[in-house]
Amino acid sequence: MKAAPFDYIRAESEAHALEVLQQHGADAKLVAGGQSLVPMMAMRLARPSVLVDINRLTSLKGVENAADAIRMGACTRQRDVEHDQGLRSRLPLVAQALAWVGHIQTRNRGTVGGSLVHADPSAELPLAASVLAARLHLRSQNGVRVVDAAEFFQGPMFTATAETECLVAIDWPVWEGARTGSAFDETSIRHGDFAMASAACQLQLDEAGVCQRVALGFGGVDGTPMVFPELASQLVGHRITAQAAREIAHSASSRCEPGDDIHATASFRRHLATVLGERVLLKAADNARNASH
Amino acid sequence: MNDLNRLVNIRIAVNGREHQRAVEPRMTLVDFLRDELGLTGTHVGCEHGVCGACTVVFDGEPVRSCCMFAVQADGSSVTTVEGLAPERGKLSPLQDAFCEKHALQCGYCTPGMLVACQSLIDRVPHPTETQVREAISGNLCRCTGYKQIIDAVLYATSQDASHG
């Protein structure tokens with residue numbers, strides 16, 4: 001349970017970190033909060049020979065409000081985001097998701113970008129990023145490219161990030177307009193454990209309570225977070241009734257291929273996704289109706 | 001070529017005292033505290049961020065000291081369970097309350113529990129039961145039971161303890 005030997009390089013700047021990545025390729029690994037990577041190194045599931053520490057790069061930290069999106073530096077601590085008041089009003093789904101991420105001790109170190117690039121299929125932030133169609137900024141020595149969440153998550157612990165790239169920022173689209181609501185829910189053995197299944201939803205209603213826009217996703221029930229834009233769009237133009245929510249959640253979960261393991265069977269995970277999917281649709285609709293603006 | 005055996009000089013203030021050492025980069029902060037500084041109050045449980053036994057206060061916030069390397073803590077300040085008591089031979093009010101309410105049995109999780117709870121009390125002097133539960137949600141106890149631990153924190157932060 002001790003990490004294999006490695007050489008440690010504290011990045012002085014983004015350019016320095018990228019230079020080291022370019023030089024060492026797959027032998028090098030970036031460490032941010034280390035809440036996933038350090039345990040993986042302890043178990044020797046990860047064995048980088050060069051560890052590039054980007055924790056002190058202030059250029060990778062902070063939350064910026066733009067008109068239609070919130071930009072987060074990849075190395076922003078989860079705890080700082082959780083406490084950001086602006087986020088609760090403009091990006092409630094992320095605030096709701098963070099309440100399920102690990103514990104106080106891990107959120108104090110863990111970063112937003114770290115959770116995204118780790119890409120655990122049952123993790124909360126990748127699900128929120130998928131549902132909100134976040135845009136991820138990947139920087140290498142060749143410049144920056146922007147990848148949509150839908151293309152970013154490619155498999156369990158596997159993303160579009162190249163060996164020479166560093167996730168530097170995340171743009172979270174903000175849904176403008178009144179009566180927008182969101183909800184996040186999950187089932188795990190104990191709070192803070194990995195989810196057996198999770199669901200997230202954001203939707204927008206008109207004055208009459210008719211759905212105008214909706215996004216729904218599941219975590220923990222496939223190799224990546226799953227979103228269902230076409231299915232969910234069937235709710236547009238309708239009221240979010242319990243029956244409609246259940247039908248959509250059921251159709252969505254039947255499109256997932258969960259794994260079987262010691263914690264839950266595949267069919268139980270699929271069942272959980274249906275139940276959680278219905279709940280988040282109804283809860284998000286409630287929140288949209290109660291939204292003050 | 002990488003030099004995997006390279007030692008790195010670090011300076012860390014632990015419980016108010018500066019320490020300087022040359023360490024292997026792969027040494028975790030908890031191993032540094034225990035093996036280099038002899039501060040064995042901080043316990044090593046799972047070594048992969050699950051049990052919370054190794055919780056220390058790092059630059060003002062509770063973190064798991066098994067989930068970071070000592071080199072990363074260079075220039076930082078750390079408070080361990082040894083730093084909670086006001087002086088040698090005395091206990092802090094929270095530690096007293098742990099004794100009073102029988103909040104420890106085998107004692108393995110106790111350092112992590114104490115540090116996590118003290119961090120809470122430092123932020124919220126009179127926490128609710130829900131806040132206490134949340135504060136220790138990342139700390140596993142396998143024998144005492146959480147009830148007495150929660151009772152102890154509530155007792156330490158209530159009027160009863162200060163008059164007792």
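This is a predicted model: local features need pLDDT of at least 70, side-chain atom pairs count only at pLDDT 80 or more; totals for chains, interfaces and linings use all residues.
Two strands count as paired if DSSP finds at least two bridges between them.

**Strands in chain B**

- Let's look at who faces whom: Ile10(B) has Arg21(B) as its bridge partner in β2(B).
- Ala13(B) stands opposite Glu18(B) in β2(B).
- How many residues lie between the strands in the hairpin of β1(B) and β2(B)? There are two, and Asn15(B) takes a positive phi near 50 degrees in this hairpin.
- β1(B) also pairs with strand β5 (residues 77-79) of chain B, this time in the parallel sense and over two bridges.
- In that pairing, Ala13(B) turns up again, standing opposite Ser77(B) in β5(B).
- Strands of a sheet pair through backbone hydrogen bonds, and the pairing can be either parallel or antiparallel.

**Two helices in chain B**

- Helix α2 (residues 93-100) and helix α5 (residues 146-156) of chain B pack with their axes 8 Å apart, at an angle of about 135 degrees.
- Why call them oblique? Angles over 145 degrees count as roughly antiparallel and 65 to 115 as roughly perpendicular, and α2(B) and α5(B) are therefore oblique to each other.
- The crossing of α2(B) and α5(B) is right-handed.
- On the α2(B) side, the contact is made by Pro93(B), Leu94(B), Ala97(B), Phe98(B) and Glu100(B).
- On the α5(B) side, Ala152(B), Val153(B), Tyr155(B) and Ala156(B) make the contact.
- Sorted by class, this contact of α2(B) with α5(B) has eight nonpolar residues, no polar ones and one charged one.

**The sheet in chain A**

- Chain A has an open sheet of three strands in the order β1-β3-β2, with parallel pairing.
- Which strands sit at the edges? They are β1 (7-10) and β2 (28-31) of chain A, each of which pairs on one side only.
- From one strand to the next, the twist averages 25 degrees.
- Helix α1 of chain A packs on this sheet and touches β1, β2 and β3 of chain A. The direction of α1(A) makes about 165 degrees with that of β3(A).
- Zooming in, β1(A) pairs with strand β3 (residues 50-53) of chain A in the parallel sense over four bridges.
- Asp7(A) stands opposite Val50(A) in β3(A).

**Domains of chain A**

- Chain A is split into domain 1 (7-53), domain 2 (58-173) and domain 3 (180-290).
- The C-alpha centres of domain 1 and domain 2 of chain A lie 18 Å apart.
- Their contact takes 14 residues from domain 1 of chain A and 19 from domain 2 of chain A.
- On the domain 1 side of chain A, helix α1 (residues 14-24) gives the largest share, six residues.
- That side of domain 1 of chain A has six nonpolar, six polar and two charged residues.

**Where chain A meets chain B**

- This contact takes 27 residues from chain A and 25 residues from chain B.
- Which elements of chain A give two or more residues to the side that touches chain B? They are β1, α2 (37-42), β3 and α6 (104-107) of chain A.
- The chain A side divides into 13 nonpolar, ten polar and four charged residues.

Definitions and conventions
Residues are numbered from 1 along each chain as its sequence is written. Chains are lettered from A and ligands numbered from 1 in the order in which they are written. Domain bounds come from an automatic or database domain assignment. Two residues are in contact if their C-beta atoms, placed from the backbone, lie within 7 Å. Ala, Val, Leu, Ile, Met, Phe, Trp, Tyr, Cys and Pro count as nonpolar, Asp, Glu, Lys and Arg as charged, and the others, Gly among them, as polar. Axes are lines fitted to C-alpha atoms, for helices over the stretch in contact, and angles run from 0 to 180 degrees between N-to-C directions. Angles under 35 degrees count as roughly parallel, over 145 as roughly antiparallel, 65 to 115 as roughly perpendicular and the rest as oblique. A crossing is left-handed if the near helix is turned anticlockwise from the far one by less than a right angle, and right-handed if clockwise.
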